[in-house]
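Please read this briefing alongside the sequence and the coordinates.

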Amino acid sequence: MEGLKVSDANLVVYVHPSMSNKISQAILRELSSLLFKFSETFEGVVLAYDVNILDKIAKILSGIHPYFGVSLKANLLLFSPKPNMLLEGKVVKLTQESIHVIVLGFSSAIIIDEDIREEFKYKAKHGDELYASRSNRRHKIKVGTMIRFLVKSFDEEILHISGSLIPAHTGSIRCLDKNSEDVSLTNRSTRKRREGEGETEMQENETFGGGECSLSIGHQTKKLKKHRSAKDH
């Protein structure tokens, strides 16, 4: 899935003197406060981190409460969706006007009717709602389906995504991957058949060439025999 990236960052965490004997706990608490929030500094939503303390000697800051700064090097996993990126999420709600999706378990997305391609038709039977493809009866989208969709926009404040199912390479991930496998198998089979035909043709040419050579050798042998018999006479 697109929209995920790893960023290396050099940080300074400011710790209260009362936590001087619990530095690790104070650092983790500070970093945890960044999780699942959009950071303008890192240009993305912080999903996870891995931290190394660079300097064991902290720098004391002057003030009424003399905090001290601890230098860190952190590896951050960021979620930073941009327009035209492909994201994956689980469908949690369907209506005739929209499809509602949750991405990575925390970010919500909506795909409205005008952004759902005409191939998909909304159906509701016995309380079950779904979008079914008109061209592929196996391609269905319902609650619980994992789908791949295109990003139109991302609201950084509320972590809300506006998506699209207009492109042909969007829809149910299971169906898209199955179609991709079928195409791959078909291409592989076609390639093997062509290679087989090529080998057969080469074998035929080699056989034909061998025949010419034999005939040529036979002709030369006959001539040689005639020449010898004339000489004997």
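Patches are made of residues with over 30% relative accessible area and no salt bridge, where like charges are joined within 9 Å and nonpolar side chains (Val, Leu, Ile, Met, Phe, Trp, Tyr) within 5 Å. This is a predicted model, in which local features need pLDDT of at least 70 and side-chain atom pairs count only at pLDDT 80 or more, while totals for chains, interfaces and linings use all residues. Residues are numbered from 1 along each chain as its sequence is written, and side-chain values use heavy atoms, with hydrogens and water left out.

**Charged patches**

- Lys121, Lys123, Lys125, Arg134, Arg137, Lys140 and Lys142 form a positive surface patch, with Lys and Arg counted as positive, Asp and Glu as negative, and His and the chain ends not counted.
- The place of each charge is taken as NZ of Lys, CZ of Arg, CG of Asp or CD of Glu, and a salt bridge is a side-chain nitrogen of Lys or Arg within 4 Å of a carboxyl oxygen of Asp or Glu.
- Strand E9 (120-125) and strand E11 (140-142) each supply at least two residues of the positive patch, and E9 gives the most, with three residues; strands (E, at least two residues) are DSSP runs numbered from the N terminus.
- Lys140, in strand E11, is partly exposed at a relative accessible area of 42%, where buried means under 20%, exposed over 50% and partly exposed in between (1.4 Å probe, protein chains only).
- A negative surface patch consists of Glu40, Glu43, Asp155, Glu156 and Glu157; Asp155 belongs to strand E12 (residues 146-155) and is partly exposed, with a relative accessible area of 35%.

**Nonpolar patch**

- Met1, Leu4, Val6, Leu77 and Leu104 make up a nonpolar surface patch with about 420 Å² of accessible area together, the areas coming from the Shrake-Rupley method with a 1.4 Å probe and, for residues, only the protein chains shown counting as cover.
- Leu4 lies in strand E1 (residues 4-15) and is partly exposed, with a relative accessible area of 37%.

- Phe79, in strand E5 (residues 68-79), is buried, with a relative accessible area of 0%.
- Leaving aside neighbours within four places in sequence, Phe79 has contacts (heavy atoms within 4.5 Å) that include Met1, Leu4 and Leu104.
- Phe79 and Glu43 are 36 residues apart in sequence and 8.7 Å apart in space, C-alpha to C-alpha.

**Positive phi angles**

- Glu43, in the loop between strand E2 (38-39) and strand E3 (44-53), has phi near 55°, a positive value in a residue other than glycine.
- Leu159 has phi near 55°, lies in the loop between E12 and strand E13 (160-164), and is buried, with a relative accessible area of 11%.

Definitions and conventions. Helices (H or I, at least four residues) and strands (E, at least two) are DSSP runs, numbered from the N terminus.
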